Amino acid sequence: MMIPFSETARINKLIQEGGQSGMTELQFFAKQISLWKCSPQRREQLDGELYYHGEHEILKRKRTIIGEGGLLQKVENLPNNRIVDNQYCKMVDQKANYLLGKPFTIECDNKPYIELLKDLFNNQFRRTFRRMGEDCLNGAMGWLFFHYDGQGQPAFRRLPPFEILPFWADDDHTQLDCALRLYVQEVWEGQTKKNIERVEIYKPDGIWRYIYNNGSLTPDVELGEHENYFWKMDATGKRTEEFNWLKIPLIPFKYNAGEIPLIRRVKTLQDGLNTILSDWENNMQEDARNTILVLTEYDGQDLGEFRRNLATYGAVKVRADGGVTTLEVTINAENYKAILDVFKTKLIENARGFDAKDDRLGNSPNQMNIQSMYSDIDLDANGMEVEFQASFEELLWFINQYFIQTGQGDFTKEKVTVTFNRDILINESESIDNCGKSIGILSRETIVAQHPWTTDVEEELKRIDEEEQASLEKAAEYQNAFNPVSGSGNKTDPTNRGGDE
């Protein structure tokens with residue numbers, strides 16, 4: 001299931017209109033990059049990444065006052081705290097760990113196939129996959145690139161969403177015509193370090209590399225303009241034959257069908273939370289030495305000198321009939337706390353997360369209260385899981401082709417179910433009690449799968465069988481100890497004392 005590198009992608013339909021006006025393919029892609037770099041969609045993706053790492057808008061805030069003509073002007077002599085309470089990062093981690101924190105389960109009737117998949121979906125893959133899940137939340141869509149490493153083994157590379165510009169073949173955004181990657185790289189030119197923008201265009205006939213500069217694309221001479229997706233090599237390491245896939249090996253994983261990032265839902269709430277906290281500290285710092293002072297018959301002319309003396313000596317000199325009073329503004333801490341509570345509650349609701357300090361968790365909550373607390377995040381995870389399962393089918397296509405190429409078998413017709421085991425809080429005592437009450441009603445496998453202490457259902461069932469077998473063997477040994485077999489082959493009755501009945 002691979003095509004020779006000599007066959008080219010039918011990208012012409014993407015530039016048909018441009019071709020009629022004399023636009024070349026490279027000019028078309030360069031124009032698309034120029035429009036995409038400053039697009040609202042990419043701005044949101046970058047905001048999601050920045051906010052996750054704590055770089056919020058509040059850090060750029062400046063204190064201003066109303067100046068001449070009613071215009072705002074910047075001032076430097078007022079407290080200007082910039083506090084970040086990163087609830088957005090907390091929501092991203094919470095949602096990613098809820099759905100992807102635990103190993104997912106692969107089910108299939110073909111057991112050897114399952115073992116091959118488990119070898120590929122190891123801990124390294126799960127780490128990459130979870131980080132890709134964070135990309136989905138921050139940028140609405142995560143990307144996995146399937147390729148072969150230096151040893152010819154399949155590898156999975158995560159690409160940030162703000163680097164990828166996809167070109168879709170359908171309105172539902174399920175099939176790629178091609179995709180473009182724009183990334184910044186630091187390079188040295190002599191003794192000078194500078195940044196260059198590199199471009200990779202993923203087409204059915206391989207990867208094309210360019211340098212983006214001043215709104216135009218030129219071939220990347222250093223890395224090579226074109227490379228096929230994989231190849232065969234002889235004993236000397238020379239490429240003997242090169243190939244490309246029937247599909248572009250770039251798999252999108254969507255957060256939701258509308259491709260809406262989490263930052264769009266909560267950015268204003270996160271900014272408001274940061275602003276309230278910063279304003280609170282600003283107001284608390286505006287004490288008698290830097291708030292409004294009323295001077296009566298001040299023994300001096302320069303107000304700056306008055307402020308300096310007050311800050312240095314904590315005292316001010318006035319005339320005999322003069323004095324100093326203040327205009328005090330009372331800061332009500334309860335008002336700030338109430339507003340902060342509202343912002344945090346609404347942020348959690350709009351992010352569709354849960355509050356781990358919810359009152360419903362107090363005093364040994366039952367499972368119904370716990371499920372009620374998890375209802376929003378569970379609903380959001382359902383949609384995310386549907387999108388991920390569809391993307392897994394695309395990923396398995398490439399994996400199955402690898403198995404065919406390496407002679408490990410043709411599994412293209414096997415039906416595989418991927419289940420994401422959610423990391424949900426449960427009442428263990430209640431769950432264990434329900435499992436015990438289900439004996440005789442449900443199968444042993446179902447009960448074991450629902451038990452909160454079970455990590456691997458098949459392994460646990462195997463252990464139970466081994467324990468039961470060992471128990472039967474001990475019972476048989478115990479019975480033989482009280483029922484020895486005589487030399488004639490007849491068993492003796494230990495209650496028979498030799499008398500007649």
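This is a predicted model: local features need pLDDT of at least 70, side-chain atom pairs count only at pLDDT 80 or more; totals for chains, interfaces and linings use all residues.
**Salt bridges and nonpolar cores**

Arg264 has a relative accessibility of 48%, so Arg264 counts as partly exposed.

What does Arg264 pair with? The side chain of Arg264 meets that of Glu44 in a salt bridge, with 2.8 Å from N to O. Glu44 belongs to helix 3, residues 40–52, and Arg264 to helix 7, residues 262–285, so this pair ties together parts that lie 220 residues apart in sequence.

How many salt bridges does the structure hold? The number is 35. I will go through two further pairs and one network.

The next pair is Glu259 with Lys254, whose side chains form a salt bridge at 3.2 Å, N to O. Are these residues buried or exposed? Glu259 has a relative accessible area of 18%, and is therefore buried. Lys254 is buried as well, with a relative accessible area of 7%.

Then there is Glu468 with Arg444, another side-chain salt bridge, at 3.3 Å from N to O. This pair links distant parts of the chain, 24 residues apart: Glu468 sits in helix 14, residues 457–482, and Arg444 in helix 13, residues 444–450. Glu468 is partly exposed, at 41% relative accessibility. Arg444 is partly exposed too, with a relative accessible area of 37%.

Now the network. Salt bridges link Glu163, Arg181, Glu200, Arg209, Glu227, Arg239 and Glu242. If you have the structure open, select those residues together.

On to the nonpolar side. The largest nonpolar core has 88 residues. Which of them touch the most other members? They are Phe121, Phe129, Phe146, Leu250, Phe392 and Ile399. Helix 11, residues 375–405, supplies the largest share of this core, with twelve residues.

Take Ile399 as the example. Leaving aside residues up to four places away in sequence, Ile399 touches Leu117, Leu120, Phe121, Phe146 and Phe156. Phe121 and Phe146 were also on the list of residues that touch the most other core members.

Another core lies apart from the largest one; this other core has six residues, including Leu273, Ile276, Leu277 and Trp280.

To recap: the structure holds 35 salt bridges, one of them between Glu44 and Arg264, and the largest nonpolar core has 88 residues. That is where I stop.

Key: Residues are numbered from 1 along each chain as its sequence is written. Side-chain values use heavy atoms; hydrogens and water are left out. A salt bridge is a side-chain nitrogen of Lys or Arg within 4 Å of a carboxyl oxygen of Asp or Glu. Helices (H or I, at least four residues) and strands (E, at least two) are DSSP runs, numbered from the N terminus. Buried means under 20% relative accessible area, exposed over 50%, partly exposed in between (1.4 Å probe, protein chains only). A nonpolar core is a set of buried Ala, Val, Leu, Ile, Met, Phe, Trp, Tyr and Cys residues joined through side-chain atoms within 4.5 Å. Contact means heavy atoms within 4.5 Å.
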